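Please look at the sequence and the model before reading on.

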Amino acid sequence: MKGSEPITIAGAGPSGLAAAITLARSGRRVVVYEKNADVGMRFHNDFQGLENWTTEGDVLDFFRMMPIEVDFFCRPVYGGLLQGPTDRAQVRSDEPLFYLVKRGSGEGTLDRSLKRQAIDCGVRIVFNSPVSAGQSDVIATGPRKPRMFAAGVVFDTAIADTAAIILDNDIAPKGYAYLLAAEGRATLATVLYSHFDRCEHYLEKAVAAFRNILPLELGNPTKFSGFGSFFLRKTAVEKGQRFVGEAAGFQDFLFGFGIRYAITSGHLAAKSIIENVDYDRLWKLRLNKQLKASALNRRLYEMFGNVAYTHLIKKTNASSDPRGLWRRFYIASFRGLLSTSGEKAPVCNASPGSGL
Ligand SMILES: Cc1cc2nc3c(=O)[nH]c(=O)nc-3n(C[C@H](O)[C@H](O)[C@H](O)COP(=O)(O)OP(=O)(O)OC[C@H]3O[C@@H](n4cnc5c(N)ncnc54)[C@H](O)[C@@H]3O)c2cc1C
């Protein structure tokens, strides 16, 4: 492919780097423009969950097929505590429910591994280079408008490796709070879908709530915050540009598990370029049903609040296969309730290329 124009990608997050790796491995010349000085700068070496229940197969096998090497910190989590307003479930699964990964620019992070893999297969990454609208083949610039807001803290801890989630509108309005601990480090955060201006207050409440469950001391704490966006769209191609990851609104509406959407959509956009096939067709086949199910679940969750959380916890408690239960929750067919022409979930009306 020497001599041909390189394919340009805006944004070196998981979606942009997955697209870059796939393209470069097929022999394309690729340049990624990243506005920050390094990858993962919007994160703080905090733990995030790479979800592993929405497909029967394991998410890491999907990554390896792309192929993306799993040489980053990646710890399988088989269970944990789900605490509701009144009930709690001790969840146990035979297969990993999710993988604990680190996000940021530090050692062992997903972001640093993807950067290394991209460079190894010949991708050029240009840092400190914000891209303007209309200037790239693939738009991977992350969230646009905040629809969820997270406030958290990373810290040293003496507690054993833990995964705990609280679903309670008093602690995280319309959202959830989580505590993830491994190897003496922990991340605790509250994720809000309303009341963004009161995030400090809700973070304090989340810390207090987890202290009621576990003997928690916060050593060397560093606070962080971040936001996410999600919306349904009819096309992810605007003026020939392919939108991927959160820039395309691809995100789990219910619980914000966006990493898998980002890597999958980046890979699919690259595939559509390599094979000269319709990107919209590819992402709709792979992601649309699940996106819509999560959108509907979010509406129900917001409508019924603590009643819905208690229902989810009771169902999980009664299930011998929580992974299968949660998968069914995400892949149910809602034809008619959420047709593409009558979406009630937020739909992107932005002009082409906005969000850069
Ligand atoms: C606090 C928090 C906790 C989360 N927890 C989880 C979790 O547990 N599990 C999960 O699956 N997901 C989680 N998410 C969501 C997940 O992190 C995102 O969905 C995922 O990172 C999206 O990847 P992306 O590539 O689309 O965007 P990003 O990761 O945001 O990457 C976009 C990149 O583009 C760059 N950029 C932006 N604008 C420009 C421009 N104009 N020009 C050039 N570069 C640009 C940015 O600097 C960034 O590097 C969390 C998010 C937050 C904020």
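## The ligand between two domains

Domain 1 (7-145 + 229-290) and domain 2 (148-228) both give residues to the shell around the ligand, so the ligand lies between them. The domain bounds come from an automatic or database domain assignment. The model is a predicted one: local features need pLDDT of at least 70, side-chain atom pairs count only at pLDDT 80 or more, and totals for chains, interfaces and linings use all residues. Residues are numbered from 1 along each chain as its sequence is written.

The ligand is surrounded by 36 residues, and the closest are Gly13, Gly142, Gly226, Gly245 and Gly258. A residue is near a molecule or strand if its C-beta atom, placed from the backbone, lies within 6 Å of it. Helix H1 (14-25), strand E3 (46-51), strand E14 (219-228) and helix H5 (259-274) each supply at least two residues of this shell. Helices (H or I, at least four residues) and strands (E, at least two) are DSSP runs, numbered from the N terminus. The shell has 16 nonpolar, 15 polar and 5 charged residues. Here Ala, Val, Leu, Ile, Met, Phe, Trp, Tyr, Cys and Pro count as nonpolar, Asp, Glu, Lys and Arg as charged, and the others, Gly among them, as polar.

The centres of domain 1 and domain 2, taken over C-alpha atoms, are separated by 23 Å. Their contact takes 22 residues from domain 1 and 21 residues from domain 2; two residues are in contact if their C-beta atoms, placed from the backbone, lie within 7 Å. On the side of domain 1 that touches domain 2, E3, E4 and strand E5 (79-83) are the elements that give two or more residues. E5 gives the most to this side, with 4 residues.

H1 and H5, which both supply residues to the ligand shell, pack at an angle of about 35° with their axes 7 Å apart. Axes are lines fitted to C-alpha atoms, for helices over the stretch in contact, and angles run from 0 to 180 degrees between N-to-C directions. The residues of this contact divide into 11 nonpolar, 6 polar and 1 charged.

H5 also meets helix H6 (residues 279-318): their axes come within 9 Å and cross at roughly 145°. Among the residues in this contact are Tyr261 and Leu268 in H5, and Trp283 and Arg286 in H6.

## Two open sheets

Which order do the strands of the 3-stranded open sheet follow? The order is E3-E7-E4, and the pairing is antiparallel. Two strands pair if DSSP finds at least two bridges between them. E3 and strand E4 (74-77) stand at the edges, each with a single partner strand, so one side of each is left without a neighbour in the sheet. E4 is joined to strand E7 (residues 98-103) by 4 bridges, and Arg75 stands opposite Leu100 in E7.

The other open sheet has 7 strands in the order E6-E5-E11-E12-E13-E10-E14, with mixed pairing. Its edges are strand E6 (88-92) and E14, each with a single partner strand. Neighbouring strands of this sheet are turned by 15° against each other on average, direction ignored. Strand E11 (residues 162-166) and strand E12 (residues 176-182) run antiparallel and are joined by 5 bridges. H6 lies across E5 and E6, running at about 45° to E6.
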